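Student: I have a new structure open and would like to learn how to read it. Could we go through it together, one feature at a time?

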Amino acid sequence: AYVRLEGTIGVIGNGAGLVMATLDTIQQYGGKPANFLDVGGGAPADKIATALKIVLSDPNVNALFINILGGITRCDEVAQGILEARAKTGATKPMVIRLVGTNEEEGKRMLTEAGIQVLESMEDAAQRVVEVSRRRGS
């Protein structure tokens with residue numbers, strides 16, 4: 001489920017409630033979400049890659065926040081999708097990722113080795129993506 005908004009921070013999450021909380025947290029730190037994108041539960045790597053392509057195709061997006069609570073969704077699959085999309089699209093926009101749950105350590109390792117920042121707290125990640133977005137916007 002994708003809804004375009006008017007901000008500069010792209011948002012991808014799994015579960016409508018989590019995505020809504022992510023939008024609210026970004027706004028709490030002074031940021032403006034560019035979209036609502038819920039990949040749902042159990043999203044495989046190819047679905048994550050497609051979600052990234054959709055969000056990154058918006059020219060207003062200057063930073064991306066991916067917020068995943070993995071239960072059915074495996075964090076290593078999410079990481080694989082992120083890396084695949086980045087390789088295929090040549091995306092250079094900064095990404096801040098929060099991964100918690102199933103296969104979390106493997107997913108974090110994959111992303112960290114690729115130079116992508118992974119944080120544990122939604123609040124810390126939201127604050128970081130707002131800071132990154134502001135730097136890119138100036």
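Tutor: Gladly! Let's begin with a pair of helices. Two packed helices are described by the angle between their axes and the distance between the axes. Here α3 and helix α4 (residues 104–113) pack at about 20 degrees, their axes being 7 Å apart. Axes are lines fitted to C-alpha atoms, for helices over the stretch in contact, and angles run from 0 to 180 degrees between N-to-C directions. Helices (H or I, at least four residues) and strands (E, at least two) are DSSP runs, numbered from the N terminus.

Student: What does that angle make α3 and α4 to each other?

Tutor: They are therefore roughly parallel; the cut-offs are under 35 degrees for roughly parallel, over 145 for roughly antiparallel, 65 to 115 for roughly perpendicular, and oblique for the rest.

Student: Before we go on, what kind of model is this?

Tutor: It is a predicted model, in which local features need pLDDT of at least 70 and side-chain atom pairs count only at pLDDT 80 or more, while totals for chains, interfaces and linings use all residues. Residues are numbered from 1 along each chain as its sequence is written, and side-chain values use heavy atoms, leaving out hydrogens and water.

Student: How should I read the sheet?

Tutor: Strands of a sheet pair through backbone hydrogen bonds, either parallel or antiparallel. In this model an open sheet of 4 strands has the order β2-β4-β5-β6, with parallel pairing. Two strands pair if DSSP finds at least two bridges between them. β2 and β6 (117–119) stand at the edges with a single partner strand each, so one side of each has no neighbour in the sheet.

Student: How many bridges join β4 to strand β5 (residues 95–101)?

Tutor: There are 7, and asparagine 67 stands opposite arginine 98 in β5. In β6, arginine 98 has leucine 119 as its bridge partner. On β4's other pairing, strand β2 (residues 9–13) and β4 share 5 bridges.

Student: Is threonine 73 buried or exposed?

Tutor: Threonine 73 counts as buried because its relative accessibility is 1%; buried means under 20% relative accessible area, exposed over 50%, partly exposed in between (1.4 Å probe, protein chains only). Threonine 73 lies in the loop between β4 (63–70) and α3 (75–89). β4 is mostly covered as well, with 7 of its 8 residues buried.
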